[in-house]
Amino acid sequence: MANTATIEIDGKRFEFPLVKGSENEVAIDISKLRSSTNGIITIDPGFKNTGSCESAITFLDGEKGILRYRGYSIETLAEKVDFLEVAYLLIFGELPTKSQNDKFHADIIAESHVDEDIKKILDAFPKTAHPMGIMSSLTSALTAFNATSVNVDSEEDMYKSVVKLLGKLPVLLAWTLRKKQGLPLDYGDNSLGYVENLLKMMFSKPNSEYVQDQVLVDALDKLLILHADHEQNCSTSTVRIVGSSHAGLFASISAGISALWGPLHGGANQAVLEMLEDIQADGGDTKKYMAKAKDKNDPFRLMGFGHRVYKNFDPRAKIIKKAADQVLHDLGVNDPILEIAKALEKEALEDPYFVDRKLYPNVDFYSGIIYRAMGIPTDMFTVMFAVGRLPGWIAQWREMRLRKEPIGRPRQVYTGETERNYVPVEER
Ligand code: SDX
């Protein structure tokens, strides 16, 4: 393959270098396009064909259904490693030694306290407030209580911000859940593992000992690993572009939480469960919802299906589907919703509309079934996704800042009014 691409405009030829990645992906470097063509730019709504950066964190091949974090397959990591080790791998590039992992966890624990005044902000929210809105607000509010974590340029200061966020976000998740349930807000037990303590903070009941359920620990650990990063998706691109203005890590992650909230993105796991419940209430009429999903006049989409990049099975969906069966069995839960999901999946995988458009189940299709079996309320599902994605957002933000990448500022093609004269109001 040549090292350059040639574009011809009005008989004039322009050459641009090709960038080739370690997995043989090829991109045209158009960073000199506008200056060398006297103002011509590209346009690509939704950035379906546009790379925003080079990155060494996550590789995915949508056609082959491959997902790797720092070169390790998602299947291997989900099976052999725990979430905190995956967080370390994504952020620092290598799986930690035992002592590195122990120090990482100790540093996170040391920074896991949340200023009591945050509870006053939490109290101000109505019980009906959506947890994602609360989490985005509280994450941004952390900036006010951690002033030294705003302008971080050195790796040492970044590390302090990283462990603060990994320590505090699970507390904010648990407090958000318990506030809505009218339960006291606590910190769990720092002698526990990262995921074990998150579960205890979420589910412990006053005046009774919390007993860990290894099925829940293993299920949540796997779910968090599967959600940990996914290269330049909507919320990660948001974190990178907000961070590119040198807004602090907390503010950047708060913006990422807001982007993830959307039902086309992370909010889909909640939307899937609500869709499955609607189908159940409708007598399990999956065919009616399949028809709605294919009707161009109907805004309804089959939530949990389709993906911007995967044009094959989302490898995470395969793992989660298998885990759903196992978790429901181990918990002794017989959830008819799972059967409706499997029926819907079977129909969609045989329907030409979905097959022709390569619409397969994605990470959000089965995850909500496990969260529900674990006793997590539906409106908390996307918050679980956010805590899972936190190490990936941090890793991507850190990579962008350490590489000193420029502020993100896309161009546009203006299609509005050309210059016109002012008309006084009495003449309009
Ligand atoms: C996540 O990017 C990431 O990596 C995200 C994520 C991550 O880990 O960060 O993987 C997490 O966000 C997973 C996606 C969760 N969202 C949903 O499940 C919502 C339902 N899915 C769709 O909204 C949609 O598939 C998207 C948003 C996921 C992708 O949309 P695209 O890439 O913009 O595709 P498109 O809208 O251009 O659709 C192409 C065609 C269209 O039909 P035609 O115009 O060609 O006739 O497929 C149709 C769409 O109407 N289509 C669907 C559909 N998804 C696409 N039709 C019915 N149901 C669907 N779910």
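The model on screen is a predicted one, in which local features need pLDDT of at least 70 and side-chain atom pairs count only at pLDDT 80 or more, while totals for chains, interfaces and linings use all residues. Residues are numbered from 1 along each chain as its sequence is written, and side-chain values use heavy atoms, with hydrogens and water left out.

A polar side-chain atom of Arg-316 is 2.6 Å from an oxygen atom of the ligand, the side chain of Arg-389 brings an N or O atom to 2.7 Å from a ligand oxygen, and for the side chain of His-265 the distance is 2.9 Å. Taken alone, the ligand exposes 1100 Å², and the protein buries 80% of that, with accessible areas taken from the Shrake-Rupley method with a 1.4 Å probe.

Now turn to the second largest pocket, and select Ala-78, Glu-79, Asp-218, Lys-222 and Ala-323, which lie nearest its centre among the 18 lining residues. On a 1 Å grid over the protein atoms alone, a pocket is an open set of points with protein on both sides within 12 Å along at least five of seven lines, a cavity is a set where a 1.4 Å probe fits but cannot get out, and lining residues have an atom within 4 Å of a point. The volume of this pocket is about 420 Å³, counted as the space filled by probe spheres set on the points, which are joined across faces, edges and corners. Helices H2 (74-80), H9 (214-226) and H14 (315-330) each supply at least two lining residues, and H14 gives the most, with 7; helices here are DSSP runs (H or I) of at least four residues, numbered from the N terminus. The lining has 8 nonpolar, 1 polar and 9 charged residues.

Of its 15 lining residues, His-105, Ile-109, Ser-112, Tyr-194 and Asn-197 are the closest to its centre. H8 gives the most to this lining, with 4 residues.

How values were computed:
A polar contact is a pair of N or O atoms within 3.5 Å; within protein, one must be able to donate a hydrogen and the other to accept it, and residues adjacent in sequence count only if both atoms are side-chain atoms. Ala, Val, Leu, Ile, Met, Phe, Trp, Tyr, Cys and Pro count as nonpolar, Asp, Glu, Lys and Arg as charged, and the others, Gly among them, as polar.
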